[in-house]
Amino acid sequence: MDTGDDGALLTIGAFAARARLSAKALRLYDRLGLLAPAHIDEASGYRYYRAGQVERARLVAMLRQLDMPLARIAEVVETTDGPASGDLLAAYWGDVETRFAAQRTLAAYLRARLSGRSSEMYEKFEVRLVDVPEQVIVTETRHTLADELPTWIPASLGRLEEAAGQCGGVVGAPFVVYHSAVSMESDGPVETCVPVADEPGIRAWAAAQGRGRQFRVRVEPARRLAYTRITKAQVAHPQILAPYEAVEAWMKREGWDYDGLCREVYFADWDAAGAEDPVCDVAFPVKRG
C-alpha cells in the first residue's frame, strides 16, 4: 500500500501513527461524526484512512484540547474557507475568555466570602429605602438560564415598552422580578415588568397577543423597597451577587423582613450608559420584622 500518496489508504494503525493519535481516539472521532474512515472492509471490519485526512485528524484533536463542543468542531472542520474557519475559532475563544473572566470574578468573590471578608464587600454598597406607589404593569414571564438574561431582558422590556407606548405611555421605571434563582442550572422563571398608564388599553393589548407569549397585566401593590444602586458593569453576573447580598445583610442588621420577590429596577438608558454609569437598583420589598 503506497503511503506516500495523499489518496492512498492507510490502516488505522499506520494512520494513527502518522496523525500522532491513538486508534482509540480515531474510533471516537468516527463515532462522534468528526472523522469517518475513508473505507471499512465489509468482511473484516478493518478501517482505512487516506493520508490526506491526517491534517483534519490533527485539527480535530487540537480543537478538542480547547474543550470546544463537538458541534462547533464539526462546523470549523467542515468550513473550507480558511479565514471563515479562523473566525469561527476566534468567536468560540472569545466566548471562552468571557466565561473565564466571569469565573475569575466569581472565584474572587467566593474567596472573600470564605475568608470572612464579606462585610468589606458589602460596605461598598449604600442601602436606602424608597416607597413605590401602586401601579398597573404589563409583564412577560420566561424560564431562562443566566447566560440568556443579557439578551432576553432588553428584548422583552423593548416589547413591553412598545406596547405601553400604545396605551398611554410608560409611567415608571421598568423592572425585572426573579421568582426563583437564575443560574446556569436554575431557570427562574423571570418576569419583566413595565408600568403603564392605560389599564383597559393594555389589558386589551395583552388579550390580543394570544397564548404564544406569557404576557400578563396586573396591579402591583404599593411597596417599600430596600435597594442599592449599581453601575452597568456591576449588573453582569457574578458581579451582581454582591449587591444582592449587601442589601440582604443590611435588612438583617436593620430589622427588616422580606415582603416580596427580589428585583432589578432599570431607571437609565442602558444603551447610552457607560460601564461606570449608575443604571440599576437591586431591591427587595421589605416590611418591619
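Reply: Phe284 is buried, at a relative accessible area of 6%. Since the model is predicted, that value describes computed coordinates. Tyr244 is also buried, with a relative accessible area of 11%. The limit for calling a residue buried is under 20%.

Aromatic pairs number six in the structure. In one of them, Tyr92 with Trp93, the ring centres are 6.5 Å apart and the planes meet at 55 degrees, so the pair is tilted. The angle decides the label: edge-to-face needs over 60 degrees and stacked needs under 30. Tyr244 belongs to helix H10 (residues 241-254) and Phe284 to strand S12 (residues 278-288), so the contact ties together parts that are 40 residues apart in sequence. Ring pairs also bring in Tyr258, making a cluster of Tyr244, Tyr258 and Phe284.

Two rings carry a charge over the face. The charged end of Arg288 sits over the ring of Trp256, at 3.9 Å from the ring centre. Arg229 lies over the face of Phe267, and there the distance to the ring centre is 4.1 Å.

S12 pairs with S9 in the antiparallel sense, over seven bridges. Within that pairing, Thr228 has Val282 in S12 as its bridge partner. S9 (residues 223-231) also pairs with strand S4 (residues 127-132), again in the antiparallel sense, over six bridges. There, Asp131 stands opposite Arg224 in S9. In a regular strand, side chains alternate between the two faces of the sheet.

An open sheet of three strands has the order S1-S3-S2 and antiparallel pairing. Strand S1 (9-11) and strand S2 (39-40) are its edge strands, each pairing on one side only. S2 and S3 run antiparallel and are joined by two bridges, and His39 has Tyr48 in S3 as its bridge partner. Helix H1 lies across S1 and S3, running at about 95 degrees to S1.

H2 (residues 23-31) has Ala25, Leu26 and Tyr29 as its buried residues. These cover an arc of only 100 degrees around the axis, which puts them on the same side of H2. Their packing partners are helix H1 (12-19), strand S3 (47-50) and helix H3 (54-65). Lys24 and Arg31, on the other side of H2, are exposed. Just after H2, Gly33 takes a positive phi of about 80 degrees.

Key
Residues numbered from 1 in each chain as written. Predicted model: local features only at pLDDT ≥ 70, side-chain atom pairs only at ≥ 80, totals over all residues. Heavy atoms only, no water. Helix = DSSP H or I, 4+ residues; strand = E, 2+ residues; numbered from the N terminus. Buried < 20%, exposed > 50% of the residue type's maximum accessible area, 1.4 Å probe, protein only. Lys NZ or Arg CZ within 6 Å of the ring centre and 35° of its normal. Arc of directions from axis to C-beta. Contact = heavy atoms within 4.5 Å. Pairing = 2+ DSSP bridges. Axes fitted to C-alpha atoms, helices over the stretch in contact; angles between N-to-C directions.
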